[in-house]
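Colleague: I am new to reading protein structures. Could you walk me through a few features, one at a time?

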Amino acid sequence: MSSLTVAGMRVSVDGVTILDGVDVHVPAGAVTVVVGPNGAGKSTLLRVLVGALPAGGSVMLDGADLGRLTRRERARRMALVEQDSSAPVSRQVLDVVLLGRTPHRPRWGADSASDLEIAGAALERAGASELAARDFSTLSGGERQRVHLARALAQQPGVLLLDEPTNHLDVAAQLDVLALARTLAGDGVAVLAALHDLNHALRHADQVVVMSCGAVVAAGRPAEVLSGELVSTVYGVAAERVRAGGHDLLVMDRRGGAEHEPERSTSASLGRG
Ligand code: ADP
Ligand code: MG
């Protein structure tokens with residue numbers, strides 16, 4: 001069981017502040033969802049946590065300073081499924097998933113029977129068993145997403161970071177991923193997922209962190225945090241909470257929202273992030 005505590009995280013690139021004093025607690029055994037407009041800093045936060053970007057502030061993993069762990073130690077305990085993975089390589093899917101075992105085996109060691117078993121179980125959990133023998137470069141976006149998830153599961157992390165894990169997935173597959181996040185949390189994993197769909201966040205998160213312009217603007221239980229008013233202010237859309245089918249839902253409309261806070265970057269455009 002692992003938990004992660006981020007305090008005062010700051011990131012600047014070329015003099016531009018991207019994260020500005022972010023505090024987040026990600027408890028073991030729960031699904032924490034980060035939401036926020038494009039460019040809010042969600043991916044940057046996740047990338048800092050796996051050591052892909054330097055940052056100020058502190059990150060504690062089970063009370064120990066994450067900055068003191070080697071990359072390998074960190075990779076044994078935390079895994080990230082990135083939002084946009086690099087160009088697909090021509091490689092068998094099973095081998096891609098086995099990459100998740102790298103931090104756990106001796107430096108020049110071959111895959112053991114146990115590695116193969118863990119990779120097989122990870123593929124199954126990610127709903128990708130039938131892809132094991134395929135060439136990764138020939139997969140669809142949704143299939144690749146499942147394989148990346150399987151690779152992260154093969155890492156057997158205590159903390160699982162998911163950057164828009166429902167991207168490229170049809171609605172049934174999106175619900176499968178959210179259900180898997182719930183199951184993993186039930187196993188004690190600390191799950192931190194950036195999501196765009198506010199209704200997924202409302203329904204599937206134990207706690208939600210709302211980011212805007214590199215800062216946390218609200219955090220807490222989704223039903224309390226994701227009010228129509230907050231969504232309207234943060235996203236600049238009209239938003240209303242309604243009750244349907246026994247669930248709270250957010251209904252949004254482009255017109256009539258509060259004044260939208262501009263993104264920091266001058267490259268703000270629709271469809272980014
Ligand atoms: P989100 O995932 O919430 O959409 P990101 O974390 O990807 O946001 O980006 C936050 C902001 O930081 C954006 O304005 C983005 O353009 C900027 N940014 C991210 N990485 C870099 C970088 N390496 N250099 C310059 N700007 C960056
Ligand atoms: Mg992002």
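Predicted model: local features only at pLDDT ≥ 70, side-chain atom pairs only at ≥ 80, totals over all residues.

Colleague: Which residues coordinate the magnesium ion (ligand 2)?

Modeller: Look for side-chain atoms next to the metal. Here S43 gives its OG and Q83 its OE1, at 2.0 to 2.3 Å. The two come from distant parts of the chain, 40 residues apart: S43 belongs to helix α1 (residues 42-49), while Q83 is in the loop between β6 (78-81) and α3 (93-98).

Colleague: Is Q83 buried or exposed?

Modeller: Buried means under 20% relative accessible area. Q83 has 11% relative accessibility, so Q83 counts as buried.

Colleague: How many residues of α1 are buried?

Modeller: Six of its eight, so the helix is mostly covered, by the cut-off we just used. Among them are K42, T44 and L45. After α1 comes G51, with a positive phi near 85°.

Colleague: How do α5 and α6 run relative to each other, parallel or perpendicular?

Modeller: Compare their axes: angles under 35 degrees count as roughly parallel. The axes of α5 (residues 141-154) and α6 (residues 171-186) cross at roughly 10° and come within 12 Å, so these helices are roughly parallel. R146, L149 and L153 of α5 meet A173, D176, V177, L180 and L184 of α6. Those contact residues comprise six nonpolar and two charged, with no polar ones.

Terms used: Residues numbered from 1 in each chain as written. Chains lettered and ligands numbered in written order. Heavy atoms only, no water. Donors = N, O, S within 2.8 Å, 3.2 Å for Na, K, Ca; no water. Helix = DSSP H or I, 4+ residues; strand = E, 2+ residues; numbered from the N terminus. Buried < 20%, exposed > 50% of the residue type's maximum accessible area, 1.4 Å probe, protein only. Axes fitted to C-alpha atoms, helices over the stretch in contact; angles between N-to-C directions. Parallel < 35°, antiparallel > 145°, perpendicular 65-115°, else oblique. Contact = heavy atoms within 4.5 Å. Nonpolar A, V, L, I, M, F, W, Y, C, P; charged D, E, K, R; others polar.
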